[in-house]
Amino acid sequence: MTLKSVFLFTVFLSGYKVFVAQTPFPYEQTWKKIDSLIKRKGLPKSALEEVKKIHAAAKKEKQEGQWVKAVIYEEALRTGMDEDITKARMQFEAEIQSAPPRVAALLKSLESEQLYFYLQRRRYRLTDRTEVKNDTSGDISTWTSGRLNKKIRELYLGSLINDSVLKQTDLTLFDAAILKGNARNLRPTLYDLLAYRALVFFENDDPEPPMAEDAFSMDDPAVFLPAASFREFSFKATDTSSNHLTALKVYQDLLKFHAEDAKPDALVDADINRISFVNRYAAMPAKDSLYWAALELII
């Protein structure tokens with residue numbers, strides 16, 4: 001073999017190595033295999049092993065959408081195998097610690113949802129439990145409804161912390177993990193998606209915790225103000241742990257975020273949802289007339 005031939009052969013091998021190293025993981029093909037294992041063959045454990053392969057590849061290749069989808073599938077498969085809720089939460093927590101900001105935000109939202117469903121299913125068992133101050137137990141089965149609510153609230157708020165990053169993240173980045181629906185224009189960014197997921201919890205009227213003397217009450221007509229005025233209104237309330245007050249502040253932020261949008265779709269949708277929410281829980285004279293006036297203004 002001549003020197004020139006050796007050189008060309010070496011270049012070919014080097015190019016081949018680079019090509020092999022850059023070949024992406026076959027996500028679509030593997031997901032089809034996983035769906036077949038679950039739906040057709042009834043083999044959840046085998047499916048879980050395949051999901052773990054996707055999970056590892058997605059982390060290595062920084063494919064954030066595939067990463068989140070893998071976590072969702074892992075959680076669903078483990079739940080189907082009756083895995084302990086405390087163990088599942090520990091896995092979530094470990095994953096959040098190692099995840100980049102956008103993935104961590106979604107995982108916090110998913111963990112919040114998991115705990116919220118757990119609370120809803122067992123609410124009747126928890127009503128008689130006495131709150132324990134400074135309880136640090138990691139066993140969720142021993143937690144009171146108050147501690148669960150506090151943790152859920154903390155996680156949902158945590159999912160919205162890096163809002164400057166979330167507001168600049170188009171949802172197409174996470175298409176692999178999202179059911180698109182037919183109204184993507186109403187949830188254009190990752191922040192929108194996470195905010196509305198959090199609102200499912202914050203809008204919930206949870207009567208279980210004892211009503212504090214300074215408990216927030218939606219009795220100020222300002223909650224029906226036009227969007228431009230409402231988003232700048234300062235609610236003077238001492239009960240900062242109120243879910244309803246938090247929901248109002250999330251709506252304020254959504255309305256500020258979309259105030260200058262070229263198309264008002266997301267802005268109008270947020271405003272309609274805000275008005276519908278406050279109409280459910282507001283307690284004041286002439287509430288009905290304020291509600292209709294607010295809707296007519298949007299129209």
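Q: Which residues in α6 meet which residues in α9?
A: From α6 come Arg102, Ala105, Leu106, Ser109, Leu110, Glu113 and Tyr116, and they meet Leu190, Leu193, Leu194, Arg197, Val200 and Phe201 in α9. By class, this contact has nine nonpolar, one polar and three charged residues. Here Ala, Val, Leu, Ile, Met, Phe, Trp, Tyr, Cys and Pro count as nonpolar, Asp, Glu, Lys and Arg as charged, and the others, Gly among them, as polar. Contact means heavy atoms within 4.5 Å. Please keep in mind that this is a predicted model: local features need pLDDT of at least 70, side-chain atom pairs count only at pLDDT 80 or more, and totals for chains, interfaces and linings use all residues. Residues are numbered from 1 along each chain as its sequence is written, and side-chain values use heavy atoms, with hydrogens and water left out.

Q: What makes α6 roughly parallel to α9?
A: Helix α6 and helix α9 (residues 190-202) pack at an angle of about 20°, and their axes are 11 Å apart. That angle makes α6 roughly parallel to α9, because angles under 35 degrees count as roughly parallel, over 145 as roughly antiparallel, 65 to 115 as roughly perpendicular and the rest as oblique. The axes are lines fitted to C-alpha atoms, for helices over the stretch in contact, and angles run from 0 to 180 degrees between N-to-C directions. The crossing of α6 and α9 is left-handed; that word applies if the near helix is turned anticlockwise from the far one by less than a right angle, while clockwise would be right-handed.

Q: Why are α6 and α7 called roughly antiparallel to each other?
A: Helix α6 (residues 101-126) packs against helix α7 (residues 145-159) at an angle of about 160°, with axes 8 Å apart. The pair is therefore roughly antiparallel. The crossing of α6 and α7 is left-handed. By class, the contact of α6 with α7 has ten nonpolar, six polar and four charged residues. Among the residues that meet there are Leu115, Tyr116 and Leu119 in α6, and Leu148, Ile152 and Leu155 in α7.

Q: What makes α11 and α12 roughly antiparallel to each other?
A: The axes of helix α11 (residues 243-257) and α12 come within 9 Å and cross at roughly 160°. These two helices are therefore roughly antiparallel to each other, and their crossing is left-handed. The contact of α11 with α12 has, by class, ten nonpolar, two polar and two charged residues. Tyr251, Leu254 and Leu255 are among the α11 residues that meet α12, where Ala270 is one of the partners.

Q: Why does Ala270 count as buried?
A: Buried means under 20% relative accessible area, exposed over 50%, and partly exposed in between, using a 1.4 Å probe and protein chains only. Ala270 has 1% relative accessibility, so it counts as buried. Ala270 lies in helix α12 (residues 265-281). Leaving out residues up to four places away in sequence, Ala270 touches Tyr196, Tyr251, Leu254 and Leu255.

Q: Why does Gln66 count as buried?
A: Gln66 comes to 14% relative accessibility, so it counts as buried. This residue sits in helix α4 (residues 64-80). Beyond its neighbours within four places in sequence, Gln66 is in contact with Tyr27, Trp31, Ile54, Ala58 and Ala176.

Q: Why does Lys62 count as exposed?
A: Lys62 has 66% relative accessibility, so it counts as exposed. Lys62 is found in the loop between α3 (44-61) and α4. Its phi is near 60°, a positive value in a residue other than glycine.

Q: What makes a set of residues a nonpolar core?
A: The set consists of buried Ala, Val, Leu, Ile, Met, Phe, Trp, Tyr and Cys residues joined through side-chain atoms within 4.5 Å. In this model, the largest such core has 74 residues, and those with the most contacts inside it are Leu107, Leu148, Val223, Phe224, Leu248 and Leu254. Its largest share, eleven residues, comes from α6.

Q: How many helices and strands does the secondary structure of the protein come to?
A: There are 13 helices and zero strands. Helices (H or I, at least four residues) and strands (E, at least two) are DSSP runs, numbered from the N terminus. Of the 299 residues in the protein, 40% are buried.
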